[in-house]
There are 2 protein chains.
Amino acid sequence: MSDLKSLANPLFLREDELRQGIELLFYAYRDFTRGPDEILARYNFGRAHHRALHFIGGHPGITVAELLAILRITKQSLSRVLSALIEGGFVRQQQGTRDRRQRQLFLTEQGKNLERQIATVQQAKVAEAYREAGAEAVAGYRKVLAGLIDEQDRAAILRSIQRR
Amino acid sequence: MSDLKSLANPLFLREDELRQGIELLFYAYRDFTRGPDEILARYNFGRAHHRALHFIGGHPGITVAELLAILRITKQSLSRVLSALIEGGFVRQQQGTRDRRQRQLFLTEQGKNLERQIATVQQAKVAEAYREAGAEAVAGYRKVLAGLIDEQDRAAILRSIQRR
DNA sequence: AAACTATGTCAACATTGCTGACGTATATTA
DNA sequence: TAATATACGTCAGCAATGTTGACATAGTTT
């Protein structure tokens with residue numbers, strides 16, 4: 001019975017291990033997202049603005065619909081954020097080339113600056129954690145996080161992430 | 001120069017690797033937190049309620065101040081959530097033993113049931129990701145996430161997580 | 001020409017964070 | 001013991017960011 005149980009339930013799948021993995025994700029996310037907040041506050045922006053800046057920065061020319069699919073929020077929520085970014089001169093829109101109903105989104109120079117500024121802080125934090133943990137650990141980190149992504153979009157997301 | 005650069009900047013610390021690590025965290029967290037929402041909605045609760053349930057469940061007798069330190073929100077925000085949980089019979093308070101000003105928090109049977117119900121869903125998700133990735137990857141995942149926690153509380157958090 | 005699609009907008013509302021002010025019970029210190 | 005500090009609660013108001021629903025406009029597809 002003990003054999004059966006440990007077969008079905010190796011050490012790293014015990015409930016307390018799972019619980020630890022869940023809490024680590026909570027704490028890491030909690031502290032990871034705190035950095036940008038201070039910078040954003042200076043512009044009267046919040047995390048939602050940063051998420052938009054980030055993904056527009058990483059996918060220049062992304063359409064509104066694509067951005068909505070990534071963020072998983074409603075167009076009304078995004079609209080508020082996007083309007084502020086456009087009004088402030090951080091993002092510009094351009095009529096779609098294939099389909100002129102689409103609005104393709106780009107960062108302006110100012111937008112790129114802000115995005116860079118925040119990215120630098122976050123990347124420094126991740127770089128330190130990566131350095132401390134080592135290349136092998138990083139591979140494991142990526143593997144597990146990828147596994148936490150909903151299976152339907154996992155492949156597409158991994159592709160979009162690695163295409164750069 | 002290429003040698004110098006690659007010494008200071010091994011492959012897994014390149015900017016696009018860091019960016020991928022950041023986005024993976026975003027996507028994983030996005031999908032990971034979606035599960036509980038449906039269950040919670042049935043009780044008219046949200047994520048904030050779940051976080052309280054979760055940490056009270058894991059630390060029976062936790063004081064309000066300790067819970068505030070974990071969640072990093074104001075007492076007014078927590079109060080709203082805690083009142084709802086107490087009113088609904090999911091959490092009970094008990095005057096502190098050492099210090100009678102403190103309120104120690106416990107889950108009721110009903111609270112334990114709800115917490116278990118949600119935990120089961122989340123743990124299943126994590127267990128699957130762990131199983132797919134393997135024990136070594138899990139170790140790396142934990143190592144990197146731990147490194148993302150603010151250094152000042154990292155040791156204390158790791159201790160509190162492993163004490164169970 | 002009709003139907004569908006991509007986007008925007010108006011309005012209302014919920015959740016969850018925040019600040020500031022003030023109260024009460026208990027503990028600690030001068 | 002009196003003064004001060006602490007743990008917690010509560011009231012009131014506000015901000016950010018999410019939601020639904022309804023409707024408009026331009027452009028695409030059938």
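Tutor: Before we look at this predicted model, note that Ala, Val, Leu, Ile, Met, Phe, Trp, Tyr, Cys and Pro count as nonpolar, Asp, Glu, Lys and Arg as charged, and the others, Gly among them, as polar.

Student: How many polar residues does the surface near DNA strand D have?

Tutor: Sorted by class, the surface near DNA strand D has four nonpolar and seven charged residues. The remaining class on that surface is the polar one, and its count is 12.

Student: Which element gives the most to the surface near DNA strand D?

Tutor: Of the 23 residues around DNA strand D, those that come nearest are G46(A), A48(A), T74(A), S77(A) and A65(B). The elements giving two or more residues to this surface are α4 (47-58) and α6 (75-87) of chain A, together with α5 (64-71) and α6 (75-87) of chain B. With four residues, the element that gives the most is α6(B).

Student: Which element makes up the largest share of the side of chain A that touches chain B?

Tutor: The contact takes 52 residues from chain A and 52 residues from chain B. On the side of chain A, the elements that give two or more residues are α2 (15-32), α7 (109-133), α8 (135-148) and α9 (151-162). The largest share, 16 residues, comes from α2(A).

Methods
Residues numbered from 1 in each chain as written. Chains lettered and ligands numbered in written order. Predicted model: local features only at pLDDT ≥ 70, side-chain atom pairs only at ≥ 80, totals over all residues. Contact = placed C-beta atoms within 7 Å. Near = placed C-beta within 6 Å.
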